[in-house]
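Here is a briefing on one structure. Look through the model first, then read the points below.

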Amino acid sequence: MLPQASARPWYVSYDAFRKAPQDLTEATAAGALMTVGAVGLCVILLFFEVAAFLTDTVHTKIVIDTNQDSMLQINFDVSMLDIACDYVTVGAWDAFGTERMNLTRNVQKQRIDHKGTRKGQPYTEDELLELEFADLSYTKEELQALDSDWSSSSDQFRHDSFQAVVDAHDFTFVNFYAEWCPHCQVFSPKWAEFEDEVNTGKDLMKDADQVPANVRALKMNCVDFEETCRDQHVRGFPTVRLFLRSLNQKGKNWVDYTGPRNKKDLSAFAHEQVAKRHLHTGATHHSMFKEGCRLSGYVEVARVPGTLHFQARHTQEKTLNLAFTNVSHTVHHFSFGQAPRRSIAQLPNEYKRHVNPLDGKTFTVDRFHQAPNHFIKVVHTRFEGSGLRSYQQTHQSSVRTLDRDYVPQAKFSYDLSPVEVVVSRGERTWYTFLTQTFANIGGAFAVVSMAAGLMRTTAKQLTSILLQK
């Protein structure tokens, strides 16, 4: 009696995952190792997929700034290292042309000590002069022009700045004359003799500390250089003056000589004037005040580009030489917007450091007429979902060299970007997670299966080659 085939459902014929009979398969050690590796690889891939599914991704986009606020709050906490609280002021300027000085509302001042043991002290006029002109240097040609007589406008030198001549020497003894003047003609030989001895060093002049001074004698033809003589208020000829280089170019920086016009008396007058000054004492830059000032608070400004600056000012009791003040400073905090310190902790880590990039930094200068300046680009940033708003910053700074009569400022210039950054968090859907997981696991098993098949095929080929030998 013939065996009857077992009845199977009709849909079995559609099986796409048919298995081979166990009798036709063979387990090997290499296959087991490959299986273990495949399972381990799938476990690792599954772990990373789950971690990625549970972690939010951050998406950003740039749009036109939607913030319609008319005012912007600037928060600051700055220590001026060498300006006392009585003399420091806060000011603001914006692109509308509005300038506000001596802001006091919402600004607190706290006296602070200098670091170290040395206390500040005012500069003397001689110290300022020595430090102001200590770094001057000239080429050989420039020095020849500065030392030359102003006898003719058609000589080989460019006589375009009498102030530069005065600034190049400690003292400059000048004979203003006119060629047609009889008194000038009589005085000319005596002046020439005196000028020669001074300029060649035969008549050496020393200051109050017995240090040789840089004294230059020269003459100026007021016919050829009429405008220069008029600027110097020369009203008669000959006029003899001893110029001392000065910090104030607009003030009177000369002494008129009215004595006898001979070499002996000219020399005595010059020695007397030079001996009154301390010109070369080895002065160094130092703190001017015995304390500094820490300023903290906030100001509200128009939401347009502008500057916030800190500088020295006069008081009712004392007048300062503002051009020589030092605006070195330490920034403890500088940010934009309301309550940024409280909201920083809620921001994503990659955005926290751009809220206040200046915090904890010190900016110093060691010369007169220098000032640290800051340029800040401000970008409004909006975080969807949490409702947070933040002003992110990029910062650049440089030390600006100023004109001699310009008042130094610790200036923070800011510019608002016309666009804003919108930050949102993207979540992965469950079906995306499943699809990616199955794809990774299936791909891993497929690659391992291909590798295992390649290994078996290679082994068979090598075995047949060895048997043929």
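How many aromatic pairs does the structure hold? The structure holds 22 aromatic pairs. Rings of Phe, Tyr and Trp (its six-membered ring) pair if their centres lie within 6.5 Å; planes under 30 degrees apart count as stacked, over 60 as edge-to-face and the rest as tilted.

This is a predicted model: local features need pLDDT of at least 70, side-chain atom pairs count only at pLDDT 80 or more, and totals for chains, interfaces and linings use all residues. Residues are numbered from 1 along each chain as its sequence is written, and side-chain values use heavy atoms, with hydrogens and water left out.

**Aromatic pairs and cluster**

- The rings of tryptophan 191 and phenylalanine 194 are a tilted pair, because their centres are 5.4 Å apart and their planes stand at 55°.
- Both residues sit in helix H5 (residues 182-199), three residues apart, about one turn of the helix. Helices (H or I, at least four residues) and strands (E, at least two) are DSSP runs, numbered from the N terminus.
- Tryptophan 191 counts as buried at 1% relative accessibility. Phenylalanine 194 counts as buried, also at 1%. Buried means under 20% relative accessible area, exposed over 50%, partly exposed in between (1.4 Å probe, protein chains only).
- Phenylalanine 243 and tryptophan 254 form another tilted pair, 5.9 Å centre to centre with 50° between the planes.
- That pair links distant parts of the chain: phenylalanine 243 is in strand E8 (residues 239-244) and tryptophan 254 in strand E9 (residues 254-257), 11 residues apart. Both are buried.
- One aromatic cluster is formed by Phe76, Phe310, Phe334, Phe336, Phe412 and Tyr414.

**Sheet**

- An open sheet has five strands, in the order E5-E10-E2-E12-E13, with antiparallel pairing. Two strands pair if DSSP finds at least two bridges between them.
- Strand E5 (107-112) and strand E13 (361-363) are at the edges with a single partner strand each, so one side of each has no neighbour in the sheet.
- Strand E2 (residues 71-80) and strand E10 (residues 292-302) run antiparallel, joined by 10 bridges. Isoleucine 74 stands opposite valine 299 in E10.

**Surface**

- Trp430, Tyr431, Leu434 and Phe438 make a nonpolar patch on the surface. Nonpolar side chains (Val, Leu, Ile, Met, Phe, Trp, Tyr) are joined within 5 Å, like charges within 9 Å.
- Tyrosine 431 lies in helix H10 (residues 430-468). Tyrosine 431 counts as partly exposed, at 48% relative accessibility.

Conventions
Patch = residues over 30% accessible without salt bridge, like charges linked within 9 Å, V, L, I, M, F, W, Y side chains within 5 Å. Areas by Shrake-Rupley, 256 points an atom, 1.4 Å probe, with all protein chains shown as cover. Salt bridge = Lys/Arg side-chain N within 4 Å of Asp/Glu carboxyl O.
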